[in-house]
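Hi everyone, thanks for coming. I'd like to walk you through one structure today, so let me put it up on the screen.

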Amino acid sequence: MDDRRLHGREPLFDTEPPGLASRLVGLRPHQLRSCPYEHDSDLPFVVFAGGRGLGKSALLDEVRAAYQGHTPVALIDGEEPQFAGPPPERPGEVWSPVAQALTTVAEQLAEPVTGARRIGFPRLASGLLAVAAGGWGDRDVPRIRQEAERILLLNDSRSFLDGFAGRWVSKVVAKLIASMSNTGPVVEPIIEATLESFSEGVSPTHRRLRRAATWYRDYPNAGGNPKLGLILLSGHFRAGGDSRTHAERHLVRALLADLDDAYAGVVQRSRRVGRPVILIDNVQEPAGRGLLECVLRDRADGIRDQVVFLAALRGYSHPALRNAARRTLTEVARTTGWEPGASPSSRALLVSLPPLKPDDTLHIVGAVCRGVDVPPQLPHATHRLTGGSPLGITLLAESARQNLPRGAASSAPCSPGTSPSTTTTTAAPPTRSCWTGWSRAAGSTS
């Protein structure tokens, strides 16, 4: 297996025959070589489950590295501070972990890949602007400008380097601010100005914006009026509770519709090889759980998308995944055997990550301790001590690399379970720093 891969995770990253990632994304990792899809229409929302230290975060990091620059890919961690609460001076009624996650995901997915330009997210941007406008009643122009610019930059599919995106955004922001009077609500005038800006011009970019502007006419009770649809979306979001969940579901749907638009047509499909990938670490947290539940509900309702969702769950179960199909990583090496059921949670595939094998431990210790005279019993002792935890193995191997004397004798002066008093006289005695380093590393794996 390639040195860039993770030890013991071959069923995900294999290329010949193709592993799980290749079969879902349609691309072999670290390559621009296509691969037949295992699931053509309905896709499982794959959740990697396991306790602390089993390498779930490292696995998602490796997926991102494997596909970045080849196909659109985004990675968020539900435990990041940005998802814990609204930024200063932004009202809580116009912010949520899910909305913040959508913005962050879209910014990453927008980045150009080999052979294809940036992806624009006009549907999502329209909805996010309508939501943000609900908190602009204080007429704090600097904050309004900052929030509007970040959202509007999701729209443009051109490179920022050509200057067009910046000029267009500045023009629209000026129009949005000018639309607000000194008194009264601002949501409706902001939405009017947004739709008007999206309708101007005759270029292909503006035609795409016009199509996106009409998308909200199908919002419930909008009666075919996109302006009313956005007003309702904004009101539902501010109302909180189930109403906000309803609005968030449409914002998630807007993101996926924008991605679908980026792949529409023969020319676009020929330039984009492989499906877009969204990676969610700590999916049990509000930001990840909200995305998970929205996608599962829409897929169960027959609203299809072609996005590969891979998530990491701390633990082995969650209420949102009660009917998920369950597999081990080894069982999905050649096929998932997954078929969706009627419930939303059946649209998920829960894949448990196993501990590493002794051979994997041997390779990890050898790679980390390259250039160090490693006692022969060290890999075996490390595996027994950590129980095959990738994090524990890596920490102990790193401690050994830092603390083992260069040119150590074959008997392990710092091997677990060996006290300083029982160390043979032919080996260098363990230093206090060596013993402390091992103890701390062992303690951190518990």
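I'll begin with the whole protein and then turn to two residues.

Please keep in mind that this is a predicted model. The protein has 446 residues, and 53% of them count as buried. Its secondary structure comes to 17 helices and six strands. If we take contacts between residues at least 6 apart in sequence, 69% of them join residues at least 24 apart. As for the surface, the protein exposes about 19200 Å², with carbon and sulfur atoms supplying 53% of that.

Now, on to Tyr216. You'll find Tyr216 in the loop between α9 (204-213) and α10 (226-239). Is Tyr216 buried or exposed? Its relative accessibility is 1%, and the cut-off for buried is under 20%, so Tyr216 counts as buried.

Beyond its neighbours within four places in sequence, Tyr216 is in contact with a list of residues including Leu124, Ser126, Leu230, Leu233 and Leu251.

My second residue is Arg253, which sits in helix α11 (residues 241-262). Its side chain makes a polar contact with the side chain of Asp298, at 2.8 Å. Not counting residues up to four places away in sequence, Arg253 touches Trp215, Asp298 and Ile303.

That's my tour, and I'm happy to go back to any part of it.

Methods:
Residues numbered from 1 in each chain as written. Predicted model: local features only at pLDDT ≥ 70, side-chain atom pairs only at ≥ 80, totals over all residues. Heavy atoms only, no water. Helix = DSSP H or I, 4+ residues; strand = E, 2+ residues; numbered from the N terminus. Buried < 20%, exposed > 50% of the residue type's maximum accessible area, 1.4 Å probe, protein only. Contact = heavy atoms within 4.5 Å. Polar contact = N/O pair within 3.5 Å; in protein donor to acceptor, adjacent residues only side chain to side chain. Areas by Shrake-Rupley, 256 points an atom, 1.4 Å probe, with all protein chains shown as cover.
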